[in-house]
Amino acid sequence: MDDLAVANRRQNIRIEGTWPVVVQTAHGALVAETRNITPQGAYIACDKQLPLKTELRLYIMFPNRRYVEILAKVIWSYPYGSAVDNTPPGMGVRFTRIADADREFITSLSSGYFKYWFDKSFTSI
């Protein structure tokens with residue numbers, strides 16, 4: 001597979017952002033944080049690694065006190081992180097059920113308006 005084919009696999013821009021997330025499984029819950037997100041999935045930074053294909057309920061808290069509830073599945077794990085690019089341990093999740101309004105909200109995060117609004121909300125605290 002050439003570089004162009006690999007680059008074209010990702011259909012949405014990854015939105016870099018560190019937002020708190022509660023990860024609920026059939027065995028309990030843990031608190032973690034996102035590192036990036038797309039309308040289809042997210043990278044969740046956490047020390048506890050969950051098995052592949054684990055089904056999750058995510059509650060992602062955005063700075064305007066709005067949260068989104070999303071059903072997801074673990075699709076890959078990065079248990080040791082990387083000192084080279086400062087990536088913490090975590091896991092990739094694919095959203096399996098997300099409300100249309102929440103998908104649109106996540107898509108809109110890449111727009112300048114929401115970036116400005118979020119940056120402003122952090123400086124006014």
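Accessible areas here come from the Shrake-Rupley method with a 1.4 Å probe; for residues, only the protein chains shown count as cover.

**View 1. The whole predicted chain.** The protein chain exposes about 8,300 Å². Carbon and sulfur atoms supply 53% of that area. The chain has three helices and seven strands, in the order α-β-β-β-β-β-β-β-α-α. Helices (H or I, at least four residues) and strands (E, at least two) are DSSP runs, numbered from the N terminus. Of the 125 residues, 36% count as buried (under 20% relative accessible area; exposed is over 50%, partly exposed in between; 1.4 Å probe, protein chains only).

This is a predicted model: local features need pLDDT of at least 70, side-chain atom pairs count only at pLDDT 80 or more, and totals for chains, interfaces and linings use all residues. Residues are numbered from 1 along each chain as its sequence is written, and side-chain values use heavy atoms, with hydrogens and water left out.

**View 2. The largest nonpolar core.** This core has 26 residues. Such a core is a set of buried Ala, Val, Leu, Ile, Met, Phe, Trp, Tyr and Cys residues joined through side-chain atoms within 4.5 Å. Val23, Val93 and Phe95 have the most contacts inside the core. Elements giving two or more residues include strand 7 (90-97) and helix 2 (100-108). Strand 6 gives the largest share, four residues.

**View 3. Around valine 93.** Contact means heavy atoms within 4.5 Å. Leaving aside neighbours within four places in sequence, valine 93 touches residues including Gly41, Ile44, Leu56 and Val74.

**View 4. Tryptophan 76.** Tryptophan 76 lies in strand 6. Its relative accessible area is 39%, so tryptophan 76 is partly exposed.
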